[in-house]
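Trainee: Could you walk me through reading this model, feature by feature?
Mentor: Gladly; let us look at it together.

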Amino acid sequence: MAKNKIMVNFQKKIKDRQIRIAVVGLGYVGFPLALEFAKKGVKVTGIEIDHDRLKSISNKISYISDISTSELKKVISGGNFKASGNFSDIKDADAILICVPTPLKGRYLPDISFIKTAVEQVALHLKNKALVVLESTTYPGTTEEEILPIFEKHGFRHERDFFLCFSPERIDPGNKKFPVQKIPKVMGGLSPLATLLATEIYQIIIKQVVPVSSPRAAETVKLLENTFRLINIGLIDELSMMAHKMKIDIWEVIQAASTKPFGFMPFYPGPGVGGHCIPKDPLYLHWKAKSFGFHSRFIKLASDLIRYMPEYVVKRVNQVLDSRNCRLKGAKILVMGVTYKKDIKDLRKSPSLDVINSLKKHGARVSYFDPIIPFLKLKGLDLESVRLSDKKIKEFDCLIIATDHSGIDYLRVLKSAKLIFDARNVYKGKHREKVERL
Ligand code: SAJ
């Protein structure tokens, strides 16, 4: 079929809302994406292998903090969205968007097994001339070197039988200002036509689609974005340790530096870096660069430094207890906030968990409080969140503000607390008689 005929055919199907989209992976990336297309009148099939998630969807209950159950109910009753555990349900899809996890194997190694498994399944059921877009964050070259060969092994030839793109997901969990439809979408196709077709599809829900020359350019865009964050968070973590030694208030310095109207972007020290992106994505780039004989010292240094932060927090707590003739060993410590960032119900790689384990290693008696995590059963921990009360707070030798959830009366906590280590600048440097700041 001539190229422009394919384009015209696509555009007509989009205009008439005859286009069919399948989203593989209904997590914090795929689920909002699928629902946005469904809200625009597109027939969407969500493919999800996790039975609990499928059950939750069939009960019309959302398991993603960025999707309310009422919104899910509304979209499902609109009739354009259905979820399935069977890849055979993508057989009518004109576009398949793959949003599956890309974790690490061990400390440094990329694990693209979820992508490969999904792609093998897609290739088994892909209809002719369909578009495939990989959204999962991965190292440069994955789409061209790992994904394309899988389709070719199944007899597909690019442009003759299907179209392939990479488009990095940019979801920022909990960011109400920038929901998926408001975040410009970078698109790198294996050919200009692939990029154009994908642009037509995504412009159904996203105003700005940013074309780049290739999938590997698009893969690298995402890694630049997240490596930028890792390096800068690592830098400010190191400067916070330096400033403490030099008796300089790093928080005051950051605030003043932020008045510069250009050329500066504030980052803030914390007990470490959690989440499914920032601690991991840069290591994908580091790993791939090494195969070209290039060793990125920045990425390794920032990654090692942020991993040290939980231990540094415990070291500081030990020092401040020591200055009050209280030993960390045997001390009763309450860790406030265990998710990886405020107001997000997600424990993945949360530094708070490393702080808890490190405190236990030093013999402290550790409890935690988190309004959105009632139980903590992972990384060797089996704890239940304490019920916060004035009386309860008085029991502890020290509280550590590890994640600064909203909706907590921190001044009231201060009244009852003997000592607080504030790793998130909740108290803005005030109440120094009781509050030690990172
Ligand atoms: N953090 C700091 N200091 C900072 C900023 C963050 O210690 O100045 C810590 C946070 O507490 C958290 C971790 O770093 O533990 C990551 O924070 P984040 O704000 O980067 O949040 P994420 O991981 O949710 O990053 C998301 C990413 N989106 C995805 O979830 C895939 C990432 O792609 C975005 O670049 C990022 O949002 C963003 O732009 O805000």
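**Strands, cores and ring pairs**

Mentor: Four bridges join strand β1 to strand β4 (residues 95-98), and the two run parallel. Strands pair here if DSSP finds at least two bridges between them; helices (H or I, at least four residues) and strands (E, at least two) are DSSP runs, numbered from the N terminus. Please keep in mind that this is a predicted model: local features need pLDDT of at least 70, side-chain atom pairs count only at pLDDT 80 or more, and totals for chains, interfaces and linings use all residues. Residues are numbered from 1 along each chain as its sequence is written, and side-chain values use heavy atoms, leaving out hydrogens and water.

Trainee: Which residue in β4 stands opposite Ala 22?
Mentor: Ile 96 does. On β2, the bridge partner of Ala 22 is Thr 45. Strand β2 (residues 43-47) is parallel to β1 and joined to it by five bridges.

Trainee: How does the chain cross from β1 to β2?
Mentor: A crossover is right-handed if, with the strands pointing away from the viewer, the path from the first strand over the helix to the second runs clockwise. Here the chain passes through helix α2 (residues 30-39), and this β-α-β crossover is right-handed.

Trainee: How many residues does the largest nonpolar core have?
Mentor: In soluble globular proteins, nonpolar side chains tend to be buried together. A nonpolar core is a set of buried Ala, Val, Leu, Ile, Met, Phe, Trp, Tyr and Cys residues joined through side-chain atoms within 4.5 Å; buried means under 20% relative accessible area, exposed over 50%, partly exposed in between (1.4 Å probe, protein chains only). The largest has 92 residues, with Phe 37 and Ile 201 among those with the most contacts inside it. Helix α11 (residues 297-322) gives the largest share, 10 residues.

Trainee: Why is the pair of Tyr 139 and Trp 287 tilted?
Mentor: Rings of Phe, Tyr and Trp (its six-membered ring) pair if their centres lie within 6.5 Å; planes under 30 degrees apart count as stacked, over 60 as edge-to-face and the rest as tilted. These two rings have centres 4.8 Å apart and planes at 55°, so the pair is tilted.
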